[in-house]
Amino acid sequence: MAKNILALFQYEDDFLAAAAKLRAAGFGHITLMTPLPMPEAEKLAGLEKSPVRRFSLIGAIIGGLSGFAMATACALVFILPTGGRPIITIPPFLVITYEMTILIGVLSTLLGFHIVSGLPAWRDAPYRIESNIDRFSIVVGFRPEDDSALAVKILREAGAGEITHWEEPE
Amino acid sequence: MADYREPAYADVNRDILQTMLVTGPRYWIVFGITSTVALVCFFLPWIYQWHVGVGAAGMNRNAVWGTYLSNFIFWIGLSHSGTLLSAVLHITGSGWRKAIYRSAEAMTLFSLMTAALFVMVHLGRVWFVHWSIPIPNPMGLWPNFRSPLLFDVMAITTYLVASSIFIYMGSVPDYAAVRDASTGLRRRLYAIFSFGWRGTAQEWHTLGWAYTFFAVFVIPLAVSVHSIVSWDFAMSLVPGLHQTIFAPYFVCGAIYSGTAGIVTVMYLLRRCLNLERYIREIHLDNLGKLLIALSLVWSYINILELFTGWYSGTSYEYEALRFKLFGFYAPLYWEMITFCALVPLLIFWKKIRLSWNRMFVISILINIGMLTERFIIVATSQPRKFLPAAFGFYFPSVVEIMITIGSFAVFATLFLIFIKWTPCVSIYEVKETLKPLRRAA
Amino acid sequence: MGKLTDKLKQYLKPGYYDKFDYHWTMTIDLDRCTGCEACVVACQAENNLPIVGEKRFRERREIKWLRVERYWEGEYPDVKLRFIPMLCQHCDQAPCETPCPVAATYHNQDGLNTQIYNRCIGTRTCAVYCPYEVRYFNWFSYTWDEPLEQQLNPDVTVREKGVMEKCTFCIQRIRQAKDRAKDDGRRRVRDGEVTPACVQSCPAEAMVFGDLNDPESRVAKLAKNARGYKVLEELNTAPSIVYLKKVNPDG
């Protein structure tokens, strides 16, 4: 049965200092939760360039190719010449290519967001309502050999408010 | 405002969620009115037209396009507001967009839906509209991708999908806030909508990157959508329409009309939902500056249109210009010039720019002018092309006027539903504009 | 590989066709035309054109695939009247064909601009793009009062509301002529075998119809006439109708 503690902080500098100290003390399973995006917290969590960008790029490329392919295929399957133009007309098909690039790029980015962020995550996880309003939260997960008392001491020294214990059901 | 106190984080949550969770009788009355008007003025005439034929509208042999298309262009134009504000200003890192972009994005989405409805109203045989989509079918026939209308289908589909995803993704943390503040069915629903959001660094990081990429995709998309709509006209040979300036003209007009729409909506939101602490003068000031810049560009493009028409030296262009400026619809043309080029010049004065009431009036006048502009493009050019014996005339019918009024009600109804479904001001982004909570002050 | 590049070259060639099978062309001699509008009536009878009624006519919703345009010159008593029958020009670079989103109008191998009624969804973009204003839309579903429905041509469909229509060069007659030629043993359609209703009914024989590809046909010879011109040629629509200018005795 995994044990977690969730500490609420009122001030963000306390929160960031505590997170750094916990990291230095060797606690690996730390989750930082903030009510607004905080680049410093993301850096502390070790997050640099997101893999979402690869999804966007690949999606855009696939979209572009498939857009042109779709337009060309539709024109070739049943040949209906119009307006003295060629059957495979490049300028209009480029517009279609462009739109499909964006469409598939956007859908692919959406997929990337879900895969990389792990959402939806509807399971019961350590969380308190204040974490999304005006408190900064640190969740520390313990393996049986970890010293939970040390973690609590670091948090209290850093200025944590409430500390809740979570027993995650197996 | 002298006595402006910055709200605390908890205040932000409370004030904004209150607009969603607390519904008074005034809301229900307004909602009832808009939905009734939408039903009676939009859907009933449309059903009548479906039954009788497009002849219920005022279009005739020469003028086969009418207010349905000009309204379509107007609504697509209005939809560019959200994209500009939300996506462009996100990329440029501007802070004043944060309180107002959510409602602007909602305007985008609902304007697009209204515009899509107008396409349906416009078609002669609406029940076959699915033939314009490239899906496998028993006839083995596929749409004609050389057509500017097909570019339209692709562009608007993409824009609808991208805008929906954009607004939804940006709202996920706020759905979590709603989930936390509610009970019962609403709590369960928003638990689903918010994907179990907790606000971990990983989630924020991914959301931030994904959101930036959405913005990067959506900006060129918005430019392309209205360019493509303009090409419905510009790819024809009709004098007065067959101009390369049409793409920039329409895009500029769209952003212009959209920004004016934002001012209107912000005024109403601020008044009706008590959001004075969040939608402030800095927003009005910046929106005003944006409006005046766009107004100047729009005026320039109009002058260019006149110039290129005159410079062409052909009788067709002269006649098209002459009819626009001095013909039957001349009062509408000059009204458009007044409302869109002259009235916004007042925004140069700070006294006007920082006054909510005056800017509200100006924004409505601008949009009336833009609606007229779309109408003039459609009504004055088409009936009078090249052969004078074939010149005709177009005047909208009662059915068309009702549907135009009804479309505003449809938009308003959708927006009213939106207010109760998503926080209309982005909670977490407003928190980003507040002073950071630091112990070491 | 060679065949593939050849095919690709064909797909990238403007207009797709190297040569039309029959290049149906019409010449209209404005010197002979008296403006009697017999052609208009014949077209209405042959092609099941709806009778829109006076009310709709006043609303400018008439459907006249072929109309005679009138231009007045001068003041009374020196008034001169010029008329020109205007019908679908079957442009080889038709501006109306490209914008149809469902490809309800396209250029067939006979050089005709065809309109497929059951594919049309009524966007009316083709009518906006046509510089000659020769496309007509069915704003309502029209009916024929008794006994006029007995006069309907069984070879031509009746169009419902929401469908665009225009002159087809009486494609039903062209089809019949081709069928007859095939039955006679795969010969080509001879000059004079197919005449649209308007050409057939013109009392002054102002209209001549035929295959431009056939150098011996009347139409090929007339099209080279010095008086020949095409309406709105400068728009580069490449129409298939050659008008022969009216000779003005006053110079």
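Helix axes here are lines fitted to C-alpha atoms over the stretch in contact, and angles between them run from 0 to 180 degrees between N-to-C directions. With that in hand, the predicted model shows helix 4 of chain A (residues 90–117) packing against helix 6 of chain B at about 20°, the two axes lying 10 Å apart. Since angles under 35 degrees count as roughly parallel, that makes the two helices, helix 4 of chain A and helix 6 of chain B, roughly parallel. The crossing of this pair is left-handed.

On the chain A side, the residues making this contact include Pro92(A), Val95(A), Ile96(A), Glu99(A) and Phe113(A), while helix 6 of chain B brings in, among them, Phe151(B), Met154(B), Thr158(B) and Met169(B). Sorted by class, the helix pair's contact residues come out as 15 nonpolar, one polar and one charged.

Zooming out, the whole contact draws 54 residues from chain B and 57 residues from chain A. Helix 6 (148–181) is joined on the chain B side by helix 1 (9–21), helix 8 (201–234) and helix 16 (427–433), each giving two or more residues. Helix 8 of chain B gives the most, with 16 residues. The chain B side as a whole has 34 nonpolar, twelve polar and eight charged residues.

As for chain B itself, its secondary structure amounts to 16 helices and zero strands. Its radius of gyration, 23 Å, is close to the 22 Å that the globule rule gives for 441 residues, so chain B is as compact as a globular protein of that length. Buried residues account for 54% of the chain. Of the contacts in chain B with a separation of 6 or more, 80% link residues 24 or more positions apart.

Definitions and conventions
Residues numbered from 1 in each chain as written. Chains lettered and ligands numbered in written order. Predicted model: local features only at pLDDT ≥ 70, side-chain atom pairs only at ≥ 80, totals over all residues. Helix = DSSP H or I, 4+ residues; strand = E, 2+ residues; numbered from the N terminus. Rg over C-alpha atoms; globule rule 2.2 N^0.38 Å. Buried ≥ 20, exposed ≤ 12 C-beta atoms within 10 Å, placed from the backbone. Contact = placed C-beta atoms within 7 Å. Nonpolar A, V, L, I, M, F, W, Y, C, P; charged D, E, K, R; others polar. Parallel < 35°, antiparallel > 145°, perpendicular 65-115°, else oblique. Left-handed = near helix turned anticlockwise from the far one by under 90°.
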